[in-house]
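Let's take a walk through this protein model, one part at a time. Keep the structure open beside you as you read.

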Amino acid sequence: MDQNAGSFLAVRRLSGGGIVHHHHSHSSPAEVVGVSTAWIGKGLSCVCAQRRDSDARLSFDLSRIQEDCLQRLQKRIEVQYDSSNLEHQKALKALWRASFPGTELLGLVSDQWKEMGWQGKDPSTDFRGGGFISLENLLYFSKNFPKSFQELLCKKNGDRALWEYPFAVAGVNITFMLIQMLDLQAAKPTSLIGAVFLNLLLENDRAFDILYCITFKLMDQKWLEMHATYMDFNVRLSCLIWNLLDTFFAPSTFHANQIVEQSLQSVIKSTRRQLERELLLEDIQRIEDMPSYRFLAR
């Protein structure tokens, strides 16, 4: 996975229900959040390696079945999207049908994809940051929680901002964030969060996909809580200033994209903190036990 790859576009909501897309580049969010040790003793073998007074590191020994479970997920993570792969093409077409049933897709490269929140007419260029698993995550969400999926895709719930986050690009960023949070590219968990998740993965081999759905729904709720009014105010003020300056290259739109990007990163970080708190709750034995799971609707 390319940790530096990624793309971003802001989506402006119009009064008639249409959307206008604008482009901007961005880096993926990453934040280290401290966790408690409440889960130690629940089937986890932990060794603490003290490197410095202020730098303690956890190391977890895995059983053979745990190693196999982790490696299966890691193999999924390693797969890059290949636009020439027929199975990958089939998955992308399936995502379109699930997103816009009854609407014919004109091609795998088409301006239609912008309606889902991809940065351009070719979604394959956006998978660099998340790999094929980011497409699998979106497809799983659309098939298993179609009601929630459509609510987020179409921004149906809540008092939406003038400028909205792009659905598909946000989805790829969520996949990337979860892989980083759980440290899934390491040979074995190096954090308590990662070890806890591995136990949940043993219980359900689709735990990562379900956690993705939980995260997307939670992220949208936090977006509404934090930015329904804040976003509109800042975007309107910024656009006014730039229009008065009468600069080139539509700077008001560019500046709005910057604000949306920064806001989305902030919301994803807040979402990550919430996920970490929930994963460490004493009574979480299955991924479905997470409090935010109840927000998902089929």
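## A spot in helix α5

Ala170 sits in helix α5, which covers residues 167-181. Helices here are DSSP runs of H or I with at least four residues, strands are runs of E with at least two, and both are numbered from the N terminus. Ala170 is buried, with a relative accessible area of 0%. Buried means under 20% relative accessible area, exposed means over 50%, and partly exposed lies in between (1.4 Å probe, protein chains only). Ala170 and Ile268 are 98 residues apart along the chain, yet their C-alpha atoms are separated by 9.1 Å.

A quick word on the ground rules: this is a predicted model, where local features need pLDDT of at least 70 and side-chain atom pairs count only at pLDDT 80 or more, while totals for chains, interfaces and linings use all residues. Residues are numbered from 1 along each chain as its sequence is written, and side-chain values use heavy atoms, with hydrogens and water left out.

## The two sides of α1

Helix α1 takes in residues 64-78, 15 residues in total. From first C-alpha to last it reaches 21 Å, close to the 21 Å expected at 1.5 Å a residue (that is, 1.5 Å times one less than the number of residues).

Which residues of α1 are buried? They are Gln66, Cys69, Leu70, Leu73, Gln74, Arg76 and Ile77. These cover an arc of only 155 degrees around the axis, so they end up on the same side of α1; the arc is that of the directions from the helix axis to the C-beta atoms. Turned away from that buried side is a face with the exposed residues Arg64, Ile65, Arg72, Lys75 and Glu78.

## A cavity

The second largest cavity has a volume of about 50 Å³. A cavity is a set of points on a 1 Å grid over the protein atoms alone where a 1.4 Å probe fits but cannot get out, and lining residues have an atom within 4 Å of a point. Among the lining residues are Leu70, Asp183 and Phe197. Helix α6 (residues 192-203) gives the largest share of this lining, three residues.

Most residues other than glycine have a negative phi. Lys155 has a positive one, near 50 degrees, and is buried at 8% relative accessibility. Asp183, in the loop between α5 and α6, has a positive phi near 55 degrees. Asp183 is partly exposed, with a relative accessible area of 27%.

How values were computed:
1 Å grid on protein atoms, 1.4 Å probe; cavity = no way out; pocket = protein on both sides within 12 Å on 5 of 7 lines; lining within 4 Å. Points joined across faces, edges and corners; volume = space filled by probe spheres on them.
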